[in-house]
Amino acid sequence: MPNYDLLVFDWDGTLSDSVGRIVDVMQAAAADLRLPVRSDRSIKSIIGLGLPEAIQTLYPEMTPGAVERFRQCYSDHFVMREQEPSPFFEGVAEGLAAFRRKGYRLAVATGKSRRGLDRVLAAKGLADFFDVTRCADETASKPDPLMLNEILAHCQVHPSKALMIGDAPFDLEMARRAQMASVAVSYGAQPVEVLRNYEPTLVVDRFEELRVWLDA
């Protein structure tokens, strides 16, 4: 029977239906810089990493200076397109509100930048909603467990009482390294057969299934 005090959510592909936008922007930045445009599948495979780490994975030959130019080009494209933030997946807004009413501590652990996450939280009226958030540019990128360890310390919650929810192998591996249980969502960036390799406690096809399971 599930018994957790703290729920930690990935953002892109877990709460926010933004995977398609990330792929489009990554490809647009590559085209602007006259670099080989990577496939949708290749780009989806790096969603969840910090942006510099994601770029370096897609373009391992890049120098640090080239990575920074790509990062800035990507960010410019993304900010322009995010004037209307990507929507939440079905059931997310209601689910988060229900979790809060039930007394769960809520956190975000994301590969987004601090500036990017703060922008979207403000746009959605959620600037003060989560107990704590951690972004890749202020701590170690996933799958290093540092951001989860920082969240646990902030909330003073033992790993056994916390649950990581994500759509990428990086999320599930990060949880495993932090000795936390995890839930994989099948509707994000990665196929469910890939996610099952990381032995999540639960796999859900819709966000509301997480609510049902936690209420059991």
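Guide: Gladly! This predicted model is divided into domain 1 (4-15 + 85-213) and domain 2 (18-80). Their centres, taken over C-alpha atoms, are 23 Å apart.

Visitor: How do you know that domain 1 and domain 2 are in contact?

Guide: Contact calls for heavy atoms within 4.5 Å, and 15 residues of domain 1 meet that condition with 15 residues of domain 2. Between them the two domains bury about 1200 Å², with 56% of that area on carbon and sulfur atoms. On the side of domain 1 that touches domain 2, there are 5 nonpolar, 6 polar and 4 charged residues.

Visitor: What makes a polar link across this interface, and how many residue pairs are in polar contact?

Guide: The rule needs a pair of N or O atoms within 3.5 Å, one able to donate a hydrogen and the other to accept it. It finds 4 residue pairs between domain 1 and domain 2. The count of salt bridges between the two domains is 0.

Visitor: Where is methionine 62 found, and which residues does methionine 62 touch?

Guide: Look in the loop between α3 (51-58) and α4 (64-81). Leaving out residues up to four places away in sequence, methionine 62 touches Leu35, Ile55, Gln56, Val67 and Phe70. As for glutamate 209, its C-alpha is 42 Å from that of methionine 62, with 147 residues separating the two in sequence.

Conventions
Residues numbered from 1 in each chain as written. Predicted model: local features only at pLDDT ≥ 70, side-chain atom pairs only at ≥ 80, totals over all residues. Heavy atoms only, no water. Domains from an automatic or database assignment. Buried area = accessible area lost by both parts, 1.4 Å probe. Salt bridge = Lys/Arg side-chain N within 4 Å of Asp/Glu carboxyl O. Polar contact = N/O pair within 3.5 Å; in protein donor to acceptor, adjacent residues only side chain to side chain. Nonpolar A, V, L, I, M, F, W, Y, C, P; charged D, E, K, R; others polar. Helix = DSSP H or I, 4+ residues; strand = E, 2+ residues; numbered from the N terminus.
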